[in-house]
Amino acid sequence: MTEHTETSGFGGVLSDYVGMTDDELDTELRQLELARRTIDARLAAVTTVAEGRAVFAADGHRSMKAYLRATLNCSGAHASRVRRRARAAAELRGVGEAWLDGHIGSDQVDAVAKRHANPRVRDQLPESMPMLLEHAEHLEHDDFEAVLTRWEMFADLDGAFDESDASLRERDACVTASESGLEVHAHGGDALRAVQMESIFERFVEAEFRKDSDARSSDIDPLPRTAAQRRADALVELFGAAEAAATAGLVSVTPAPVVNILFDAATFGETMHRHGLSGSTDPLGVGPVDILDRRCSTSSGVALHPDQALSAALDGHVRRVVLDSKSVVIDHGLRQRLFTGASRDAARLTTTSCHHSGCRIPGRWCDVDHLQPALHGGPTDQHNAGLLCSWHNRHKHRRSFGSRRACIGRVFTLRSDGTPLLAAGQRTPEWTDPDPPG
């Protein structure tokens, strides 16, 4: 880290940074993050030893949590988080080492520690940790959290859905109008219905976003409405569309599917076989699959029980999509110059957001991008497809950036010199292709 010579408090530190170049600021940020990870890991280590010795009892504290709360002057929630981190790092091989070396962050440790605290899946974690640590290093945080959610679901398939029946019984909704405006509240129901409703609402939100985008003269002009205002106006439009459909007598017409359920091939085959719909547990011939490659969720990332997903698919309310171990849609073999139609839809199902590091623009709003440019022989298929929001798609071409898929399935953005955009402490991943895209 940079040595600071100013002694005038925070203002002096700001002055130090104001004088730095962009590259120096980036380096400083990364070094500070790595230092924070080291400190957090050492805090976990000392917590483990102190709790083992019952150090908290010397000053009359009744528990380690109370001792941490007093000694660190922190909230109870933070004290509990420190203890969970300490236990996970001490009991799960590789977690503490990767954390101390800076390859994974404290947020990733928190995500693992949350599953380690679940007694129904704790014993299964050690076997999966090597692969989970690879995902923790090379996936963005939200995507790693989704991997852990899927892992936890398949490790405890029944327990993961224990609350589903209660949620269905206790479902409720109300729409209230008052002098101050509209209030809408709803809760409960089942996950699949919730995702269907969310998908419908998001279509109307996107339409409002398109209106605002079309109304401005250039990309740098501010949008006329805030995101919150567009969501509110989208809800008004949705209710108006429902009223128009009711007036026209169309309320009983089944809408087109708006939800896609993503199965890994093995889970799909096993679920079909369990319900007598297939003579083989592996109708697609993919063989055994590791629990980390299991997947049964909506394309927006909501985990579903395989039985629930299969029932919905058979009823025709959703579209099932079967993926291989690299999250590539199986049997979409259309080849053409541009991603359109089924090929475009399939590419958008492989990820929930723009693949540029740090961008969370939803995949349904993104452009489908060739990882290896078509101009250089890149095929128009799912293995060569990525998603970029319109801004990052333009940025990629302005800066001559590229894209490349890692073996874990994630697509990375490459700078013009071929180096990937990596987080602090992240090592270069193993690539699916032996040579970088042209």
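R410 lies over the face of F412, at 4.2 Å from the ring centre; a charge counts as over a ring if NZ of Lys or CZ of Arg is within 6 Å of the ring centre and within 35 degrees of the ring normal. The model is predicted, so that local features need pLDDT of at least 70 and side-chain atom pairs count only at pLDDT 80 or more, while totals for chains, interfaces and linings use all residues. Residues are numbered from 1 along each chain as its sequence is written, and side-chain values use heavy atoms, with hydrogens and water left out.

- Strand β8 spans residues 402–405 and strand β9 residues 411–414, and the two run antiparallel, joined by four bridges; strands (E, at least two residues) and helices (H or I, at least four) are DSSP runs numbered from the N terminus, and two strands pair if DSSP finds at least two bridges between them.
- Five residues separate β8 from β9 in this hairpin, and G409 in the turn has a positive phi of about 105 degrees.
- The bridge partner of R404 in β9 is F412.
- In a regular strand the side chains alternate between the two faces of the sheet.
- In β8, G402 and R404 on one side and S403 and R405 on the other are all buried, leaving both faces covered; buried means under 20% relative accessible area, exposed over 50% and partly exposed in between, with a 1.4 Å probe and protein chains only.

- The structure holds two aromatic pairs, where rings of Phe, Tyr and Trp (its six-membered ring) pair if their centres lie within 6.5 Å, and planes under 30 degrees apart count as stacked, over 60 as edge-to-face and the rest as tilted.
- The pair of F263 and F268 is tilted, because the ring centres are 5.3 Å apart and the planes stand at 55 degrees; both residues are buried.
- F412 and W431 form an edge-to-face pair, 5.7 Å centre to centre with 90 degrees between the planes.
- Because F412 lies in strand β9 and W431 in the segment after β9, this pair ties together parts that are 19 residues apart in sequence.
- F412 is buried, with a relative accessible area of 1%, and W431 is buried as well, with a value of 15%.
- R398 lies over the face of W391, at 5.6 Å from the ring centre.

**Helix α1**

- The buried residues of helix α1 (residues 9–18) are G12, D16 and Y17.
- These residues cover an arc of only 140 degrees around the axis, which puts them on the same side of α1; the arc is that of the directions from the helix axis to the C-beta atoms.
- On the other side of α1, F10 and V18 are exposed.
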